[in-house]
Amino acid sequence: QSEDERNSTLIRRLGVGLIVDVERGLVITDRYTVPQPLAQVELTFAQIVTTDAIVLFVHPQHNLVVLRYDVAAVRPLPVQAIDLRAEASAAGGGAHEDLSIGEVLSFVSLHGDHRLSAKQVTVGSI
């Protein structure tokens, strides 16, 4: 955090999100990225289009935030939503299957220098 940011009411946060509904412009992200509902949020798609988003929901206990963006702003891009039901089915079970120790998951993160990383992680404990 720079000196200017420490002396300002503006706090910049960077993170990643998953598009869950293209037609309605819904994205889920974490509470570190959007810690409270009274925030100005900008989403950047493919490092080309930046658009404002509004906070629809911040879960009071779990690390989950739902955002909505203007779908017209990203219409020229090939934006797709992740199908969470298909992901659960592909994992070999129903949508309500619990995690288990030893299960391999994909972890995606955004570093402070804007580098995106993805790696496989194994559940060590529950």
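This is a predicted model: local features need pLDDT of at least 70, side-chain atom pairs count only at pLDDT 80 or more; totals for chains, interfaces and linings use all residues.
Residues are numbered from 1 along each chain as its sequence is written, and side-chain values use heavy atoms, with hydrogens and water left out.

Strands are DSSP runs of E with at least two residues, numbered from the N terminus, while helices are runs of H or I with at least four residues. Five strands form an open sheet, and their order is E1-E2-E5-E4-E3 with antiparallel pairing. Two strands are taken to pair if DSSP finds at least two bridges between them. Strand E1 (18-21) and strand E3 (41-45) are the edge strands, each pairing on one side only. From one strand to the next, the twist averages 40°; axes here are lines fitted to C-alpha atoms (for helices, over the stretch in contact), and angles run from 0 to 180 degrees between N-to-C directions.

E1 pairs with strand E2 (residues 26-29) in the antiparallel sense, over three bridges. Leu 18 stands opposite Ile 28 in E2. E2 also pairs with E5, again in the antiparallel sense, over four bridges, and Thr 29 stands opposite Val 65 in E5. Strand E4 (residues 49-58) is antiparallel to E5, and the two pair over five bridges. The bridge partner of Ala 53 is Tyr 69 in E5. A hairpin of six residues joins E4 to E5.

E5 is mostly covered, since four of its five residues are buried. Buried means under 20% relative accessible area, exposed means over 50%, and partly exposed lies in between (1.4 Å probe, protein chains only).

A search of the whole structure finds one aromatic pair. Rings of Phe, Tyr and Trp (its six-membered ring) pair if their centres lie within 6.5 Å; planes under 30 degrees apart count as stacked, over 60 as edge-to-face and the rest as tilted. The pair is made by Phe 45 and Tyr 69 and is tilted, with 5.0 Å centre to centre and 55° between the planes. Phe 45 lies in strand E3 and Tyr 69 in strand E5 (residues 65-69), 24 residues apart, and the pair links distant parts of the chain. Both Phe 45 and Tyr 69 are buried.

A further ring contact involves a charge. The charged end of Arg 13 sits over the ring of Tyr 32, 4.5 Å from its centre. The criterion is that NZ of Lys or CZ of Arg is within 6 Å of the ring centre and within 35 degrees of the ring normal.
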